[in-house]
Amino acid sequence: MSCFQGLFFCPDAASLLLHNFCIYHIDAPGHELGANVISSDVPLLSVDDLADQVAEVLDFFGLKRVLCLGVTAGAYILTLFAMKYKERVLGLILVSPVCKAPTWSEWLYNKVLMNLLYFYGMCGLLKECLLQRYFSKELRYGVHGAESEIIRACLKLLDERQSPNVIRFLQAIDKRHDLTDDLKKLQCKTLIFVGESSPFHAESVHMSAKIGTKNCTLVEVKACGSLVTEEHPLAMLVPIEFFLMEFGFHRQPHFATSSSNGSNPSSPSSHSCIAPELLSPEGLGIKLKPIKTRADIEI
């Protein structure tokens, strides 16, 4: 849950999201906690393969229709999934999404990242490059009080990633195709959040315009990078609440909110009021085990 802890651990989110939904978190292959290095003999997956694996996960758990929440590259995969499996998606909540093929500058940037990963692993320079993608300058350089907590948590999660697996994922994302022409065909309601300082800001605005105001709402968050879910999770709650009301979901009224208990609703540090271990699978009484999706890919 590396991209979503700030949002789901926020007390206000408990009455809105955890009360209404059973949440299934899907990692890219090899990015789950405790993952081993994927063998070089295993074929590389394309973005279409990754979207198809979302459908396989839903089949495994017997889920017919879902609301999808994705961040950056994950948002692209879920958008592609919604295009391929229209009948299975009620709505999309996308955070700093991309929808175009990589520009030359992004392609070159990703090549640099992959070379750093290959030769040096998750080194300090690579982490700094990723932090620039994830967070605003204000957060990285300590303007917000909770900066150190969020950055430390992110760095810890980066250290736990297997470099070869990250390279495989970057290779798949680097070969993504342009979804622009098909965005108007999306049949589900879409809510897009994007940070003002995100390198994907322009693309998220472009995506919102192509979907159209009838089916898409755009929320731009000031002084925020790509990971709005971590940097300003409270800024997401009201738009998400109105979005979910269209599907008949409502906040559980007796939950205490940050505004009623005196905390600052604009502070990203207020999401730490719920201990993370309480929302772990074990804390919720859930037993999870890895599931095996398609092993062989027809070429």
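# Chat about a predicted model

Biologist: Tyr118 and Phe119, buried or exposed?
Modeller: Tyr118 and Phe119 are both exposed. Keep in mind that this is a predicted model.

Biologist: How many aromatic pairs in the whole structure?
Modeller: The search turns up 9 aromatic pairs. One of them joins Phe60 and Phe61 edge-to-face, at 5.0 Å centre to centre and 80° between the planes. Another edge-to-face pair is Tyr118 with Phe119, with centres 5.0 Å apart and 85° between the planes.

Biologist: And which residues cluster with Phe60 through ring pairs?
Modeller: Tyr24 and Phe61 are linked with Phe60 into a cluster by ring pairs. Phe60 is partly exposed, at 47% relative accessibility, and Phe61 is partly exposed too, at 35%.

Biologist: Changing topic. How many salt bridges does the structure hold?
Modeller: There are 7 salt bridges. In one of them, Asp52 pairs with Lys84, and the closest N and O atoms are 2.9 Å apart. Asp52 sits in helix α3 (residues 47-61) and Lys84 in helix α4 (residues 73-84), so this pair ties together parts 32 residues apart in sequence.

Biologist: What is the accessibility at each end, Asp52 and Lys84?
Modeller: Asp52 is buried, with a relative accessible area of 17%. Lys84 is partly exposed, at 36%. Asp48 also belongs to this salt-bridge network, along with Asp52 and Lys84.

Biologist: Which residue does Arg88 bridge to?
Modeller: Arg88 bridges to Asp59, with the closest N and O atoms 2.8 Å apart. Arg88 is in the loop between α4 and β2 (89-95) and Asp59 in helix α3, so to speak of distant parts of the chain, the two are 29 residues apart. Arg88 is buried, at 12% relative accessible area.

Biologist: And what about Arg176 and its partner?
Modeller: Arg176 forms a salt bridge with Glu106, also listed with a closest N and O distance of 2.8 Å. Arg176 is in the loop between α9 (163-174) and β3 (189-195), and Glu106 in helix α5 (residues 104-120), so the pair ties together parts 70 residues apart in sequence. Both Arg176 and Glu106 are buried.

Biologist: How many disulfides?
Modeller: The search of the whole structure finds 0. Cys129 is in no disulfide, as the nearest cysteine sulfur, in Cys123, is 8.0 Å away. Cys129 is buried, at 15% relative accessible area.

Biologist: On to the core. Which residues have the most contacts inside the largest one?
Modeller: Leu17, Leu126, Phe135 and Ile240, in a nonpolar core of 43 residues. Helix α12 (residues 234-245) gives the most to this core, with 6 residues. Apart from this core lies another, of 34 residues, including Leu50, Leu80, Leu183 and Cys216.

Biologist: How many residues of helix α2 are buried?
Modeller: Helix α2 (residues 11-18) has 7 of its 8 residues buried. Leu17 is among them, as is Asp12. The buried residues of α2 pack against α1 (5-8) and α12.

Biologist: Last one. Where is Thr229 found?
Modeller: Thr229 is in helix α11 (residues 228-231). Thr229 is buried, with a relative accessible area of 0%. A polar atom of the Thr229 side chain lies 2.4 Å from the backbone oxygen of Cys3. Beyond four places in sequence, the contacts of Thr229 include Phe4, Val71, Val95 and Met236.

Terms used
Residues are numbered from 1 along each chain as its sequence is written. Side-chain values use heavy atoms; hydrogens and water are left out. A nonpolar core is a set of buried Ala, Val, Leu, Ile, Met, Phe, Trp, Tyr and Cys residues joined through side-chain atoms within 4.5 Å. Buried means under 20% relative accessible area, exposed over 50%, partly exposed in between (1.4 Å probe, protein chains only). Helices (H or I, at least four residues) and strands (E, at least two) are DSSP runs, numbered from the N terminus. A polar contact is a pair of N or O atoms within 3.5 Å; within protein, one must be able to donate a hydrogen and the other to accept it, and residues adjacent in sequence count only if both atoms are side-chain atoms. Contact means heavy atoms within 4.5 Å. Rings of Phe, Tyr and Trp (its six-membered ring) pair if their centres lie within 6.5 Å; planes under 30 degrees apart count as stacked, over 60 as edge-to-face and the rest as tilted. A disulfide is a pair of cysteine sulfur atoms within 2.5 Å. A salt bridge is a side-chain nitrogen of Lys or Arg within 4 Å of a carboxyl oxygen of Asp or Glu.
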